[in-house]
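Work through the following exercises with the structure open beside the text. Try each task before reading its solution.

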Amino acid sequence: MDTLQKKILCPSILNLSTDNMREEVEKLDATDMDIYHVDIMDGTFVPNFGMSVRELEMIRRITDAGHHKLVDCHMMVMNPHRYIKRIAEAGADIIYIHPESELIPSATLELIQLEGKKTGLILNPCTSLETVKDMLPITDYVMIMAVNPGFAGREFMPYTRQKFIELDNYRKEKGLNYHLMLDGGATREVIADLYHNCNVEGFVLGKQELFFQQDDYATCIDRIRTF
Ligand code: DX5
Ligand code: ZN
């Protein structure tokens, strides 16, 4: 990727309370955001519970009736192959799996392709390029976690920056086209650095720049595009 791509902005819906999720998603939908980021957790792969398939279905319905955004599903569950069909039917356009959650992650990526969905690999801070590089030719999105997974609102861990550089270099070296994305700790400084210096295109947005701000969502999204 030699030219600067438009940023792919992905609000992390985990930041919303279920009390007013519908109204807040409707507000997000009217902005220039790109992809809803939906975190599903099983309490085993990570020590927490996140969102559910039913919430994913609701987001799908809202955006189908609204501005037709994409929806991703970040599966923090053991053996996610058991649920790919269900998640695809619920309306995810992109399905991210963690390579260490499966004995044969390449087979799970194939399952995602068979469902007609985009494939995503998501790398924990401790997961190396070496672990996933053979699967990159069948991967549409590579998301790197800059925080330990399972919780929103954690701080970007600077040692993860090197992995963005490695994944960008590998993409160029092999002529691959996967999108490079960040999950976790996306502050203004982090977004600007990774976008301008490491060719990272996509950013999961949490409370650092999008939720619980003084400005409304549209203003925040427009501002993030200027970083
Ligand atoms: C954490 C989740 C994230 C989380 C990102 O395990 O995968 O999507 O919301 O964190 P922040 O809040 O830092 O963007
Ligand atoms: Zn996530």
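## Exercise 1: the zinc site

The donor residues of the zinc ion (ligand 2) follow the sequence spacing H-x1-D-x34-H-x108-D. The model is predicted, so local features need pLDDT of at least 70 and side-chain atom pairs count only at pLDDT 80 or more, while totals for chains, interfaces and linings use all residues. Residues are numbered from 1 along each chain as its sequence is written, chains are lettered from A and ligands numbered from 1 in the order in which they are written, and side-chain values use heavy atoms, with hydrogens and water left out.

Task: find which residues coordinate the zinc ion (ligand 2), and state what geometry its site has.

Solution. Step one is to look for donors, which are N, O and S atoms within 2.8 Å of the metal (3.2 Å for Na, K and Ca); water is not among the atoms, so sites may look incomplete. The zinc ion (ligand 2) is coordinated by H37 through NE2, D39 through OD, H74 through ND1 and D183 through OD, at 2.1 to 2.2 Å. Step two is to examine the angles, which run from 71 to 165° among the six donor atoms, and the site of the zinc ion (ligand 2) is octahedral; six donors count as octahedral if opposite donors are over 155 degrees apart and all others between 65 and 115.

Strands are DSSP runs of E with at least two residues and helices are runs of H or I with at least four, numbered from the N terminus. D39 counts as buried because its relative accessibility is 4%, where buried means under 20% relative accessible area, exposed over 50% and partly exposed in between (1.4 Å probe, protein chains only).

## Exercise 2: ligand 1

Task: determine which side chains have a polar atom beside an oxygen atom of ligand 1.

Solution. Begin with polar contacts, which are pairs of N or O atoms within 3.5 Å. A polar side-chain atom of S12 is 2.8 Å from an oxygen atom of ligand 1, and for Q208 the corresponding distance to an oxygen atom of ligand 1 is 3.0 Å. In the side chain of H74, an N or O atom lies 3.1 Å from an oxygen atom of ligand 1. Finally, consider the cover: the protein covers 100% of the 370 Å² of accessible area that ligand 1 has on its own, as computed by the Shrake-Rupley method with a 1.4 Å probe.

## Exercise 3: aromatic pairs

Task: state how many aromatic pairs a search of the whole structure finds, and describe the one formed by Y96 and Y141.

Solution. The search of the whole structure finds three aromatic pairs. Rings of Phe, Tyr and Trp (its six-membered ring) pair if their centres lie within 6.5 Å, and planes under 30 degrees apart count as stacked, over 60 as edge-to-face and the rest as tilted. Y96 and Y141 are edge-to-face, at 6.3 Å centre to centre with 75° between the planes. Because Y96 lies in strand β4 (residues 94-97) and Y141 in strand β6 (residues 141-145), the pair ties together parts that are 45 residues apart in sequence. Both Y96 and Y141 are buried. F211 and Y217 also form an edge-to-face pair, with 5.7 Å centre to centre and 75° between the planes, and both F211 and Y217 are buried.

Technical notes
Tetrahedral: all angles 85-135°; square planar, octahedral: opposite > 155°, others 65-115°. Polar contact = N/O pair within 3.5 Å; in protein donor to acceptor, adjacent residues only side chain to side chain.
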